[in-house]
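I opened my notebook for a first look at this protein. Have the sequence and the model beside you and read along.

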Amino acid sequence: MRTSVISWVAYTLLESPTYAAALYEAELIFPLEHWHNHASCIVECPNGDLLVCWYNGSGERNADDVKVLGARKRRAGTTWSKPFLMADTPGFPDTNPCLFVDPRQRLWLIWQTIIANQWHTALTKYKIASSYQENGPPQWEYSDTILLKPGPEFASTVARQCDADEAKLAQLPPEQRERIGAYLGERRKRAADKYFSRMGWMTRAHPFVLEGKRLIVPLYSDGYNFSLMALSEDWGATWTTSTPLVGPGNVQPSLVKKQDGTLVAYMRNNGPPPKRLFVSSSQDAGRTWGPVELSSLPNPGSGAEVLGLANGHWALVYNDTERGRHSLAVSLSEDEGKSWKWTRHLEYNAPGPDATHAAYPSIIQARDGTLHVSYTYTVHGKNARRDAQGRSLHECIKYVHFDESWIKEQE
């Protein structure tokens, strides 16, 4: 018996051959498990196969059994393969994986090994494979770590932002003034610490290849609670860093490029209300970044990913709430993020103890123009069954396949 659930929905927009049918397909990549399955990333292989990776184990940074798994769906297939091992550092948690295929058609896996069970002790690693389109895991041919050495502009940029934030402390109530003042003092101190500034940087969204030459790996630090870009002009042989994107909790950046060459980063909001996605832009191919500002898009403190489509439109997958992950939406912009005219829900449940959660989406556009999304799918309360050992079967990775026409239809 098949353990996944597949539903196809096809509509005819008008009774005319001028209009193509909208596509929607959804399934669980594997059955709900008692294990924690989280933070997936999806790519299309050159042969049209899909690969998804995620981390799996008994927890996150504190669980030393956490490893990176993957699964494959053949181009003409109807089911996903059984999960296979992608990365495992025995005795340490392996988390936050991301995938991409470079211009040489090589597959990259980038992830973090958590050295001391705290996010700020993350060590970023990567593997490269040229042979990855057969059954089973990729045949890795090269592996290394991404060692970063932010320059003096790192500490100076952080210090300037701390100065600006400290100047506003007098406007806050006394209890907040003391707490935030201590936080800014610690951020300033850590920015001047060589070891702290070189460790703890983590991936979430897809890396970005600019003009087929520059590799940009969006990174963030839970130790600093802001973001940074790792840059390579020689496909990982050497790395430099951008100026930091410093704001009040802007993490997990995802990149998109405007037609004029401007790079835009959308970031999760781990800061105080109002809870909106953060945004920043770069005019010099990702080396320096402008102010971190709030967008109009809600965010409850969860991952989001933006994607520039072949026709110039932008697609954004995110939790469209200020609180809770019970709603996961995809929005479409036809004017490079100035407005988001179309929104449709991939998941929606009324908030509450039994609400199913959907979060940490990953999105790609395939060569046929359709969109593929994977995300963490978690059931709660009465919706979580138990296995023979009494363990709650509550989490897996879900996959959705649709096109722009589906986004534009009425729910």
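My entries start with the whole protein and then turn to two residues.

**Ground rules.** I am reading a predicted model, where local features need pLDDT of at least 70, side-chain atom pairs count only at pLDDT 80 or more, and totals for chains, interfaces and linings use all residues. Residues are numbered from 1 along each chain as its sequence is written, and side-chain values use heavy atoms, leaving out hydrogens and water.

**Whole protein.** I looked up the secondary structure and found four helices and 27 strands. These are DSSP runs numbered from the N terminus, with helices being H or I of at least four residues and strands being E of at least two. Next I checked the radius of gyration, taken over C-alpha atoms, against the globule rule, which is 2.2 Å times the number of residues to the power 0.38. The protein has 21 Å, close to the 22 Å from the rule for 411 residues, so it is as compact as a globular protein of that length. Along its principal axes, the C-alpha trace spans about 60 × 50 × 50 Å.

I then turned to contacts, which are heavy atoms within 4.5 Å. Of those between residues at least 6 apart in sequence, 50% join residues at least 24 apart.

**Gln252.** I found this residue in strand 15, which covers residues 250-257. Is Gln252 buried or exposed? Its relative accessible area is 3%, so Gln252 is buried. I also looked for polar contacts (pairs of N or O atoms within 3.5 Å; within protein, one must be able to donate a hydrogen and the other to accept it, and residues adjacent in sequence count only if both atoms are side-chain atoms). The side chain of Gln252 has one of 3.4 Å with that of Arg268 and one of 3.2 Å with that of Tyr360. Leaving aside residues up to four places away in sequence, Gln252 touches several others, including Arg204, Tyr220, Tyr266 and Met267.

**Val279.** My other residue sits in strand 17, residues 276-282. Val279 has 18% relative accessibility and therefore counts as buried. Beyond residues up to four places away in sequence, its contacts include Val264, Tyr266, Met267 and Pro291. I looked up Arg268 again here: its C-alpha atom is 9.1 Å from that of Val279, with the two residues 11 apart along the chain.

Key: Buried < 20%, exposed > 50% of the residue type's maximum accessible area, 1.4 Å probe, protein only.
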